[in-house]
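Welcome! Take a moment to look over the chain, and then we will walk through it together, step by step.

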Amino acid sequence: MLSRTVRKDNTIWYEGNRYTVPTGTYKPGLEVAIEVCDGKLLIYDVIDHNLIAEHSISLEKGRLFFNGLMPHFIGALYIKGEKGLKISYDWSEHNLLREIN
C-alpha cells in the first residue's frame, strides 16, 4: 500500500486531484494508507487499518472529490477565495459535478 499525508483541509493528493477524508481527520504529519482497486481509491487509517473513505478515481486533473455532500466545506472554499475551483462529489453512486464561479 502507498501512503499520503492528510492536508489541513482534510484532503489527500492522488494523481493530480484532491480526495476528501472525513472532517476532523487532519493532524499535523498524519498519513493515511491508500489502495487502488477496480477504479476506486480506498483510503485507510494507518493505525487500525479501517477504511475511512472511498472515491471513484477520475482521469481528469485539478478536481476536488467528495464522498457525500459537504456544503460547509464548499462554502469555506468559496470564502477562502478559491473561485472557479471545480468540485466533484459522490452521492449514492452518482458522480455529480458542481462548479463554484
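This is a predicted model: local features need pLDDT of at least 70, side-chain atom pairs count only at pLDDT 80 or more; totals for chains, interfaces and linings use all residues.

The partner of Arg18 is Asp9, and the two side chains meet in a salt bridge with 2.6 Å from N to O. Asp9 has a relative accessibility of 13%, so Asp9 counts as buried because the cut-off for that word is under 20%. Side chains of opposite charge can pair when their charged atoms come close.

How many salt bridges does the structure hold? There are four. One of them lies between Glu60 and Arg63, whose closest N and O atoms are 2.8 Å apart. Here Glu60 is partly exposed, with a relative accessible area of 41%, whereas Arg63 is buried at 8% relative accessibility. Shared partners also matter in this picture: Arg7, Asp9 and Arg18 are joined into one network by their salt bridges.

Another salt bridge brings together Glu54 and Lys40, with 4.0 Å between the closest N and O atoms. This pair links distant parts of the chain, since Glu54 sits in strand E6 (residues 51–56) and Lys40 in strand E5 (residues 40–45), 14 residues apart. At 32% relative accessibility, Glu54 is partly exposed.

Now follow the strands. E1 (residues 2–5) and E4 run antiparallel and are joined by four bridges. Within that pairing, Arg4 has Val32 of E4 as its bridge partner. E4 also pairs with E5, again in the antiparallel sense, over six bridges. These two strands, E4 and E5, form a hairpin with two residues between them. In its turn you will find Asp38, which has a positive phi of about 50°.

Which residue in E5 stands opposite Ile34? It is Ile43.

In soluble globular proteins, nonpolar side chains tend to be buried together.

Notes
Residues are numbered from 1 along each chain as its sequence is written. Side-chain values use heavy atoms; hydrogens and water are left out. Buried means under 20% relative accessible area, exposed over 50%, partly exposed in between (1.4 Å probe, protein chains only). Two strands pair if DSSP finds at least two bridges between them.
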